[in-house]
Amino acid sequence: MCGRYAASRSPEVLQGLFGVEKWEPEETLAPDWNVAPTKEVYAVLERPVKDAAEPVPVRQLRRLKWGLVPSWAKTPEGGARMINARAETVHEKPSFRRPFLARRCILPADGYYEWVTGSDERRLEEQGRKKRPRKQPYFVTPADGSVMAMAGLYEFWRDRTLPDDHPQAWWATCSVITTEAEKTPLAVAPAEGPGSLAEIHPRMPLMLTPDRWDAWLDPARTDPEELRELLEAPPAGLMRAYPVGTAVSSVRNNGPELLAELAAPEESTLF
């Protein structure tokens, strides 16, 4: 899964990296090293600009709230639970199948956090029988230091309790697509601890390599089978993981120090 990540790159960097054509400076977000559900995040997407002379898709950098609220939802309360969409079923789930066909985005990140537990507890979690207790946090990031382009979906929800001209009448929300975690060795593994992403957690965010960015963002692509081909996991051996301090476990903590690598895990963990 992806329940917390870091996003500290500036909009100027993201504009250049993703070929963004439209960005409003007043939507600038502060660097965030502890992004949690319901926070606002950057998203790269393609859609026509409102009130434009020609309704052609334009690549934009937008602010979205993390936690997708389906357009048909009566209230937005369930958004905090819809932070992830499974790649295997995203095309058929009622909350995600429409945005999968028409509203896809990229969520840029430095990397994501995951918490390691013992093997017995992890088996219970995979069976859906027990909520996983958080223990030693790890930070997972591209080994080459590049931006992690997480595949995402976005949706719009209208708050019918507010008038049309109210600034909060429309909600723009998003979800991270996840896939089965890699079982192959990490590009850079910690001296002590997990040697693969699957040993950290059975799921991971789906990272899109640059050769898939254009196809994923293109709203003209609506064939579900062609789109599902873009959900294949990236080549193995692109990621590194290392232990970080348990301060990241509290959403109240935020700062670059959360990414500092520990020489060894703070808490022992069985594998």
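Modeller: A place to begin is Tyr154, whose bridge partner in strand E10 is Cys174, and please keep in mind throughout that this is a predicted model.

Colleague: What else pairs with E10?
Modeller: Strand E4 runs parallel to E10 and is joined to it by 2 bridges, with Lys65 having Thr173 as its bridge partner in E10. Strand E5, residues 84-86, also pairs with E10 in the parallel sense, over 3 bridges, and there Arg86 stands opposite Thr178. Strand E11, residues 203-205, runs antiparallel to E10 and is joined to it by 3 bridges, where the bridge partner of Thr179 is Met204.

Colleague: And is E10 mostly covered or exposed?
Modeller: E10 is mostly covered, with 8 of its 11 residues buried.

Colleague: Switching topic: why is E8 described as largely enclosed?
Modeller: Strand E8, residues 136-142, has 7 of its 7 residues buried, so it is largely enclosed by the rest of the structure. As for its pairing, E8 and strand E7, residues 111-116, are antiparallel over 5 bridges, and Glu114 has Tyr138 in E8 as its bridge partner. Strand E12, residues 239-243, also runs antiparallel to E8, joined by 5 bridges, and Phe139 is partnered there by Tyr242.

Colleague: What about the largest nonpolar core, which residues have the most contacts inside it?
Modeller: That core has 32 residues, and those with the most contacts inside it are Tyr5, Trp66, Leu107, Tyr112, Met150 and Leu197. The largest share of this core, 4 residues, comes from E9.

Colleague: Which residues does Leu107 touch?
Modeller: Leaving aside residues up to four places away in sequence, Leu107 touches several residues, including Val41, Tyr42, Met150, Cys174 and Val176. Apart from that core lies another, of 29 residues, among them Ala85, Val90, Ala151 and Leu227.

Colleague: Where does the largest share of the lining come from, and how does the lining look by class?
Modeller: The largest share of the lining, 6 residues, comes from E4, while by class the lining has 11 nonpolar, 3 polar and 10 charged residues. Strands E3, E4 and E10 each supply at least two residues of that lining.

How values were computed
Residues are numbered from 1 along each chain as its sequence is written. This is a predicted model: local features need pLDDT of at least 70, side-chain atom pairs count only at pLDDT 80 or more; totals for chains, interfaces and linings use all residues. Side-chain values use heavy atoms; hydrogens and water are left out. Ala, Val, Leu, Ile, Met, Phe, Trp, Tyr, Cys and Pro count as nonpolar, Asp, Glu, Lys and Arg as charged, and the others, Gly among them, as polar. Buried means under 20% relative accessible area, exposed over 50%, partly exposed in between (1.4 Å probe, protein chains only). Two strands pair if DSSP finds at least two bridges between them. A nonpolar core is a set of buried Ala, Val, Leu, Ile, Met, Phe, Trp, Tyr and Cys residues joined through side-chain atoms within 4.5 Å. Contact means heavy atoms within 4.5 Å.
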